[in-house]
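Dear colleague,

I am passing on the structure we spoke about, with its sequence, and my notes follow below it. Please read them with the model open beside you.

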Amino acid sequence: MTKMNELYFGIMQRDLNSKELRSSNLFNSYRVLRSVALYVTKKDELEYAKDDPLRFCFGDTAGRYEYEMSIGDLSGNNLKKYDIYTLYVEPNADLLMKIVEDVDIDDAKRWLREDRERRTKCV
């Protein structure tokens with residue numbers, strides 16, 4: 001079983017400040033981690049999680065500015081926007097869901113508990 005803080009799936013992502021491509025961990029996203037923890041602990045209760053678990057866990061990487069990049073030829077023509085979901089999540093759906101299914105449920109519960117405590121301290 002994998003701990004929440006051990007989750008790793010390497011991607012290339014545009015740095016919002018420098019605009020450079022940099023290597024990153026898909027699981028460094030708070031939204032992804034929270035969705036994975038919720039899925040692991042409550043997948044039988046959440047109807048949407050049953051219908052499309054990939055979208056439930058990684059859907060926040062679709063269509064968000066911080067997860068988008070434009071790809072085209074060197075002239076700058078023919079630019080197309082792609083997001084992390086299209087580039088990395090969909091083609092690796094089986095592997096990513098295996099990673100999620102291997103998450104330790106007790107560790108996911110601990111992560112959610114600690115997250116709730118962190119968020120209530122901020123308010």
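Which residues does Ser23 touch, not counting residues up to four places away in sequence? Ser23 touches Ile11 and Met12, where contact means heavy atoms within 4.5 Å.

Before going further, please note that this is a predicted model, in which local features need pLDDT of at least 70 and side-chain atom pairs count only at pLDDT 80 or more, while totals for chains, interfaces and linings use all residues. Residues are numbered from 1 along each chain as its sequence is written, and side-chain values use heavy atoms, with hydrogens and water left out.

As to confidence, pLDDT (the predictor's confidence in each residue, from 0 to 100) averages 86 over the protein, and 85% of the residues score at least 70.

The protein has six helices and four strands, taken as DSSP runs numbered from the N terminus (helices H or I, at least four residues; strands E, at least two). From the N terminus on, their order is β-β-α-α-α-β-β-α-α-α. Of the 123 residues, 39% are buried, which here means under 20% relative accessible area, with exposed over 50% and partly exposed in between (1.4 Å probe, protein chains only).

To return to the opening residue, Ser23 lies in strand E2, and Ser24 has its place in that strand (residues 21-25) as well. Ser23 is exposed because its relative accessible area is 55%, whereas Ser24 counts as buried because its relative accessibility is 10%. Ser23 and Ile11 are twelve residues apart in sequence, and their C-alpha atoms are 5.7 Å apart in space. Leaving aside neighbours within four places in sequence, Ser24 is in contact with Tyr8, Phe9, Gly10, Ile11 and Gln13.

The other finding concerns helix H1 (residues 30-42), which packs against helix H5 (residues 93-101) at an angle of about 65°, with the axes 10 Å apart; axes are lines fitted to C-alpha atoms over the stretch in contact, and angles run from 0 to 180 degrees between N-to-C directions. On the H1 side the contact is made by Val36, Tyr39 and Val40, and on the H5 side by Met97, Val100 and Glu101. The buried residues of H1 include Val36, Tyr39 and Val40.
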